[in-house]
Amino acid sequence: MFYPIMLDIEDKKIVVIGGGNVGYRKAKNFLEFEGKVMVVSTDFSAKFYELKDKYGQNIILIEDNYKKEYISNGFLVVAATSSEHINRQIAIDCNDEGILCNIVDSLESSKFICPSFINKGDLVLSISTMGKCPFLSKRIRLDLEKKYSNINSEYINLLGEIRNIIISDYSYKKEELLDRCLKLSNEELEDFYKQLKGE
Ligand SMILES: C[C@@]1(CC(=O)O)C2=NC(=C\c3[nH]c(c(CCC(=O)O)c3CC(=O)O)Cc3[nH]c(c(CC(=O)O)c3CCC(=O)O)/C=C3\N/C(=C\2)[C@@H](CCC(=O)O)[C@]3(C)CC(=O)O)/[C@H]1CCC(=O)O
Ligand SMILES: NC(=O)c1ccc[n+]([C@@H]2O[C@H](COP(=O)([O-])OP(=O)(O)OC[C@H]3O[C@@H](n4cnc5c(N)ncnc54)[C@H](O)[C@@H]3O)[C@@H](O)[C@H]2O)c1
């Protein structure tokens with residue numbers, strides 16, 4: 001069973017082996033959450049050079065075949081090569097070293113898996129099917145993206161400010177007020193905030 005968790009990846013060594021489509025998707029997601037990623041691959045798809053331009057020192061590209069030394073002291077490792085054999089070897093090496101690994105072609109050998117997610121600053125929605133059907137995870141993500149398209153980090157911050165006022169001044173009707181907030185448009189929420197502050 002996989003337990004859903006939010007991991008602090010700041011200043012941790014993250015290694016992705018394999019520079020194709022899947023390795024790209026995994027590396028990009030770590031970078032989006034301010035991780036630092038080393039990618040080891042025999043060759044790289046062109047999109048990796050765009051990541052290098054965007055994220056600079058946070059991504060290191062090593063053009064080489066996989067060797068065990070690359071995962072040494074790793075915190076997280078993703079095996080995303082096109083070779084089933086190499087991916088299995090990476091799983092064995094990670095187990096020997098006690099490193100958490102995600103083996104993209106083997107749920108059974110993975111010690112963590114990557115959910116589909118929507119990142120809206122302080123609101124993160126993640127979806128997993130425990131590996132049963134990633135296609136469904138993606139479909140639900142696309143549906144949720146549409147449904148919650150009005151939510152952005154400004155909206156979450158504003159809700160946070162309003163919640164603070166509600167807790168300190170109106171705690172006796174906290175639920176009722178929060179419920180009202182969630183029914184308001186962004187503009188109406190701004191007005192409500194001003195009203196609460198007495199402006
Ligand atoms: C969610 C997402 C996140 C991400 O990749 O970070 C993700 N897979 C995504 C897409 C996707 N993956 C595949 C297809 C083609 C359709 C199909 O085969 O179903 C599509 C659809 C597409 O690409 O359109 C093929 C596939 N995936 C896995 C295997 C191996 C196996 O099943 O053993 C194979 C067969 C490979 C082969 O054929 O050789 C395994 C895994 N994929 C997972 C995650 C983990 C479980 C997630 C969960 O619990 O749902 C897990 C277990 C491990 C892991 O990768 O962490 C991302 C959507 C991101 C988004 O856009 O929102
Ligand atoms: N988990 C998922 O979401 C998911 C989705 C689709 C496919 N897959 C699986 O992911 C794997 C990779 O798919 P892809 O589309 O990225 O393939 P790809 O062919 O685009 O990329 C594979 C990369 O692995 C590198 N590579 C091969 N042997 C290597 C070695 N010995 N050392 C270092 N690098 C090596 C290649 O140079 C290439 O860059 C496949 O096994 C596929 O079955 C997983």
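Predicted model: local features only at pLDDT ≥ 70, side-chain atom pairs only at ≥ 80, totals over all residues.

Colleague: Got it. So where does Asn-73 lie?
Modeller: Asn-73 is in the loop that links β3 (59–63) with β4 (76–79). Its phi is positive, about 60 degrees, although Asn-73 is not a glycine.

Colleague: And is Asn-73 buried or exposed?
Modeller: Exposed: the relative accessible area of Asn-73 is 69%, and the cut-off for exposed is over 50%.

Colleague: Which loop holds Met-130?
Modeller: Met-130 belongs to the loop between β7 (123–127) and α4 (134–147). Met-130 also has a positive phi, near 55 degrees, in a residue other than glycine. With 32% relative accessibility, Met-130 counts as partly exposed.

Colleague: You mentioned β7. How many bridges join β6 to β7?
Modeller: Five, and the two strands run antiparallel, with β6 covering residues 116–120. Across the pair, Asn-119 stands opposite Val-124 in β7.

Colleague: What about the turn between β6 and β7?
Modeller: β6 and β7 make a hairpin with two residues between them, and Gly-121 in that turn has a positive phi of about 70 degrees.

Colleague: Let's switch to the ligands. How many residues surround ligand 1?
Modeller: There are 19, and the closest are Lys-26, Ser-116, Ser-128, Ser-137 and Arg-141. By class, that shell has seven nonpolar, seven polar and five charged residues.

Colleague: Which polar atoms lie beside its oxygens?
Modeller: Ser-116 places a polar side-chain atom 2.4 Å from an oxygen atom of ligand 1. A polar side-chain atom of Asn-102 lies 3.1 Å from an oxygen atom of ligand 1. Cys-114 uses its backbone instead, with an N or O atom 2.8 Å from an oxygen atom of ligand 1. Overall, the protein covers 68% of the 1100 Å² of accessible area that ligand 1 has on its own.

Colleague: Which elements give two or more residues to that shell?
Modeller: Those are α1 and α4. The largest share, four residues, comes from α4.

Colleague: Now ligand 2. Which residues are closest to it?
Modeller: Val-22, Arg-25, Thr-42, Asp-43 and Tyr-66 are the closest, in a set of 18 that surround ligand 2. That shell has five nonpolar, nine polar and four charged residues.

Colleague: Last one: why does Asn-87 count as buried?
Modeller: Because its relative accessibility is 0%, and buried means under 20%. Asn-87 sits in helix α3 (residues 84–97), and its side chain makes a polar contact of 2.8 Å with the side chain of Thr-81. Beyond its neighbours within four places in sequence, Asn-87 is in contact with Ala-79, Ala-80, Thr-81, Ile-103 and Asp-105.

Technical notes:
Residues numbered from 1 in each chain as written. Chains lettered and ligands numbered in written order. Heavy atoms only, no water. Near = heavy atom within 4 Å. Nonpolar A, V, L, I, M, F, W, Y, C, P; charged D, E, K, R; others polar. Buried < 20%, exposed > 50% of the residue type's maximum accessible area, 1.4 Å probe, protein only. Polar contact = N/O pair within 3.5 Å; in protein donor to acceptor, adjacent residues only side chain to side chain. Contact = heavy atoms within 4.5 Å. Pairing = 2+ DSSP bridges. Areas by Shrake-Rupley, 256 points an atom, 1.4 Å probe, with all protein chains shown as cover.
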